[in-house]
Amino acid sequence: MSPMSSRDAGSQARLDGEARATAADGVSARIPTRTVQRRIAYPVKQPFTWWTRRRGYLLYMLRELTAVGIAAWMLLFLVEIARARQGAGGYEPLGGPLFVAISLVCLALALWHSLTFLSLAGLFMRIPLGDRTVPPRLIGRAMFGALGVVTVVIASLLIWGGA
Amino acid sequence: MTSHDSTGSSARHAPRKGPNRVLGLIWAGFATAAVVGAFIVPAHILIQGVLGPLGVPSFDRHYDTFARALSNPLVKLYLLVLFACSFYMLAFRVWYVVRELGVPSKVGVGFVSFGLSGAGLIIAGYLLFTGP
């Protein structure tokens with residue numbers, strides 16, 4: 001019997017439905033024939049409440065839910081715009097303690113989104129500065145500074161528009 | 001179609017060639033919307049939602065000032081961007097979170113979340129560009 005190459009040996013193993021050893025990474029494994037020929041999905045099943053197990057998971061889920069609060073407040077703003085179509089007689093801006101309370105919750109969520117997302121800027125932005133790059137902490141502070149400036153400018157315009 | 005895996009064996013399903021450009025575009029859109037939203041959304045909620053009802057002047061507290069602002073094309077465009085960023089963020093994050101909570105359908109959840117987001121944006125555009 002002539003000596004077989006590694007690929008021939010693997011093919012022979014598949015034909016025989018036997019286990020074989022992986023050659024590329026040097027890890028021996030007994031792999032059934034089907035896994036070689038067909039991809040098999042291994043869905044990760046976890047309970048619905050997996051995000052309550054750790055504080056980090058909870059904060060992650062809270063960060064994801066910030067979009068819900070922001071969009072909900074935007075829907076309320078759309079209601080105001082729709083009311084404005086009825087003319088001066090039919091227009092009534094949203095107000096009252098309930099609206100302010102909802103807005104406070106939405107504001108907290110929006111700030112949480114801003115805080116978490118702008119904090120990432122220092123991680124993924126690489127600004128070359130000579131032989132080095134701008135420190136991530138500096139980028140993060142610049143983003144928060146920009147947030148403050150933009151907030152003041154927009155708030156001034158909104159107030160000026162109503163004066 | 002066959003391909004060779006790391007062990008040199010062949011498989012029936014070849015991996016997708018090149019990057020997933022559609023997913024890349026979706027992610028790029030999310031990054032843009034999230035950054036723009038992070039900058040401009042808090043000011044609106046603070047002034048219009050909290051301080052305005054408490055007595056601070058705001059452009060939406062009276063019909064005259066609100067209608068005058070909404071009649072400006074630049075304001076319309078700006079507000080459309082504001083709504084687009086907010087609804088896109090919602091669609092993208094819901095798309096991921098719902099699957100992370102155990103719903104297996106990637107395409108179905110994406111269709112629903114981005115569809116509702118698009119519908120919201122269309123309504124916003126209609127209200128803005130056909131209003132006062």
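In this predicted model, 53 residues of chain B are in contact with 55 residues of chain A, where contact means that the C-beta atoms, placed from the backbone, lie within 7 Å. Local features need pLDDT of at least 70 and side-chain atom pairs pLDDT 80 or more, while totals for chains, interfaces and linings use all residues. Residues are numbered from 1 along each chain as its sequence is written, and chains are lettered from A in the order in which they are written.

**Where the chains touch**
- On chain B, α1 (21-51), α2 (63-70), α3 (73-100) and α4 (106-129) each supply at least two residues to the side that touches chain A; helices here are DSSP runs of H or I with at least four residues, numbered from the N terminus.
- The most comes from α1(B), with 16 residues.
- That side of chain B divides into 34 nonpolar, 15 polar and four charged residues (Ala, Val, Leu, Ile, Met, Phe, Trp, Tyr, Cys and Pro count as nonpolar, Asp, Glu, Lys and Arg as charged, and the others, Gly among them, as polar).

**A helix pair in chain A**
- Helix α3 (residues 55-84) and helix α4 (residues 96-124) of chain A have axes that come within 8 Å and cross at roughly 130°; axes are lines fitted to C-alpha atoms over the stretch in contact, with angles from 0 to 180 degrees between N-to-C directions.
- That makes α3(A) oblique to α4(A) (under 35 degrees is roughly parallel, over 145 roughly antiparallel, 65 to 115 roughly perpendicular and the rest oblique).
- Residues of α3(A), including Leu62(A) and Trp73(A), meet residues of α4(A), among them Leu109(A) and His113(A).
- The residues of this contact of α3(A) with α4(A) comprise nine nonpolar, five polar and one charged.

Key:
Contact = placed C-beta atoms within 7 Å.
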